[in-house]
Amino acid sequence: MGKKIIELKNIYKRFGDFTAIDGINLYINEGEFLTLLGPSGCGKTTTLRIIGGFEQPDEGDVLFEGVRINDVPAHKRPLNTVFQKYALFPHLTVGENVAFGPTIRKISPDIIQKDVKKYLEIVNLEGYEDRDVSTLSGGQQQRVAIARALINKPRVLLLDEPLGALDLKLRKDMQDELKTMHKDVGITFVYVTHDQEEALTLSDTVVVMNNGRILQIGTPVDIYNEPNNAFVAYFIGESNIIHNSIMVKDKLVNIDGVDFNCVDTGFGQNTPVDVVVRPEDVVLVPADKADLKGIVTLVTFKGVHYEIWVEGPTFEWKVHSTLPQTVGDELGITVDPYNIHVMKHEPLEIPSEETAVEV
Amino acid sequence: MSKRRFAFPYLIWMTIFIVVPLFLIFFYAFTDNASGKTLFTLEHVKAIFQPLYLKVIGRSFYMSLIATLVCFVMGYPAAMILASKDFSQKNTMLILIVLPMWMNFLLRTYSWLSLLENEGLINRFLVSIGLGQVQLMYNNFAVILGMVYNFLPFMILPIYSVLVKIDKSVVEAAKDLGANGARVFLRIIFPLSMPGVVSGITMTFMPALSTFVISRLLSGGKITLIGNIIEQQFTITGDWGLGSALSLLLMVLIFISMIFINKYGDESVGAGGLL
Ligand SMILES: Nc1ncnc2c1ncn2[C@@H]1O[C@H](COP(=O)(O)OP(=O)(O)O)[C@@H](O)[C@H]1O
Ligand SMILES: [Mg+2]
């Protein structure tokens, strides 16, 4: 991994009055697996299309290895795309689909034939050359789309929710395969998904987007552990987001009416802040062992852990624990200082459930 | 049971309008009642293999092929323009294309008379600007023009309706894989539009091959097509046997053409498959 291969500088894109991309700055390092993550409609596809050359930004520059490529048409960019709905050519066989790129580039038929074989093997479809694409399952079509792109040895592969249409089991398998492929072929992957788990599993770098803006860029671990605003915390994994918290002074924050030690500084004194605590970081203790107390309202077994809801004075806490609790019991709530994430208070634009879990 | 009951009206419809006429054509083509009795005969079928009729059939094919070709060459680009998403006048244009079809066919063809005649509008204009009179009617040109004018919408509309349905992302995928505009057209758009092209060709070629109104009106009866001969057998000479035999021949020829067009279209679509 090393030099920047793609750079987006101050990109804006409007559709009529609607601003789909609202000032994006981003660079992508050669060889990395970068994921654009965000709820449906936040501008992920549009960003990808701007990189691919299918959409022109209204403002800003797209750079490829430092050279501005705004005016380079899609068919001349050294990138290939795996489209959201595969977009296979329905009138061509699997082999002809995969051979499309090299044929256009007038590579000799012998080499094309060998390459088609090789890349169909890479995507686990050896021997499918003469099959009609309409006879393939969703997962198989997806693989053909990937082989069709990879055979061109693009510098960058753009993938737009490639696993979105697959069922859960297949999606998990394909995630592993994609990860392996990325390692084997050594191509830069720019991946789009609204599935946070997928993003965290696959990526070297995650870019969290909302409303056409980038909220945070970081490694999956950074994004998960150090969300830099409440939206990211909300979107990545499950969280307790306590909005009515007050930073009393450095390293002391009032949450749900009780003062907690924390590690954050620099917010000033008596400042309203948002506090994020992951459910697995909440520790339940006997009521007399903690200042913050709550009543257990719901206990659900989730397979690996129990999900426990505890009603505090002003906030309902979600807790993940391997131990069950009894509904109606009073318990103490504690959180280790380094598990308390304090962030600037902002009005939270949480997308409605259905847009967040778009299929 | 109930499904069958619903199919009943269609069965009646098909019987009255398809089976009965077909049966009558077969009946007249293979029988003779000159002697007062109805007897089986092959005379009518033999009669159609006269050089005169074969020549007329050849001419009909030639002219309707040219008309179909012209319709295709004009209609395909028109359909593409209509189907392109930046084209803002789409609905106006579609109405303009369909509008003439609401008018009576004869009326439309007569209106060309008043344009093309020696004393017609075009010639009067040419004379008035000092270019002199041109023979526009009573020739192949006029008949083919009439065919193109009448059948062009039947070429444009099926192609248009296939083109608008082509998935934009497939076109983008082709560009993504390095195809420029011309290649995208030749390798993706055109092959995918073949079903529209095939039905467009079918819908222009068939009526062009069997027309008798266009040729009679615009050639002033000078150019005889197979349709005219068949019509004459029924309306003038009263030889229903020969007329029916010629109709049968025309049907067989159209049938063969359709198989040919569909097969050819099928091959160029690759494994896609239509029909
Ligand atoms: N061609 C377009 N015309 C109008 N609006 C568009 C167009 N493309 C995208 N949009 C809008 O831009 C926003 C972002 O879209 P998109 O990038 O597809 O989001 P995502 O891929 O994150 O779901 C959406 O609100 C969408 O409706
Ligand atoms: Mg999208």
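Let me begin with α3(B), which passes α9(B) in a right-handed crossing (the near helix is turned clockwise from the far one by less than a right angle; helices are DSSP runs of H or I, at least four residues, numbered from the N terminus). Please keep in mind that this is a predicted model, in which local features need pLDDT of at least 70 and side-chain atom pairs count only at pLDDT 80 or more, while totals for chains, interfaces and linings use all residues. Residues are numbered from 1 along each chain as its sequence is written, chains are lettered from A and ligands numbered from 1 in the order in which they are written, and side-chain values use heavy atoms, without hydrogens and water.

Helix α3 of chain B covers residues 51–83 and helix α9 of chain B residues 181–210, and the two pack at about 140 degrees with their axes 9 Å apart.

Turning to the rings, a search of the whole structure finds 22 aromatic pairs over all chains (centres within 6.5 Å). In one of them, the centres of B:Phe23 and B:Phe27 lie 6.2 Å apart with planes at 25 degrees, so this pair is stacked (planes under 30 degrees apart). Both residues sit in helix α1 of chain B, residues 2–30, four residues apart, about one turn of the helix. Together with B:Tyr28, B:Phe234 and B:Trp240, B:Phe23 and B:Phe27 form one aromatic cluster.

Terms used:
Rings of Phe, Tyr and Trp (its six-membered ring) pair if their centres lie within 6.5 Å; planes under 30 degrees apart count as stacked, over 60 as edge-to-face and the rest as tilted. Axes are lines fitted to C-alpha atoms, for helices over the stretch in contact, and angles run from 0 to 180 degrees between N-to-C directions.
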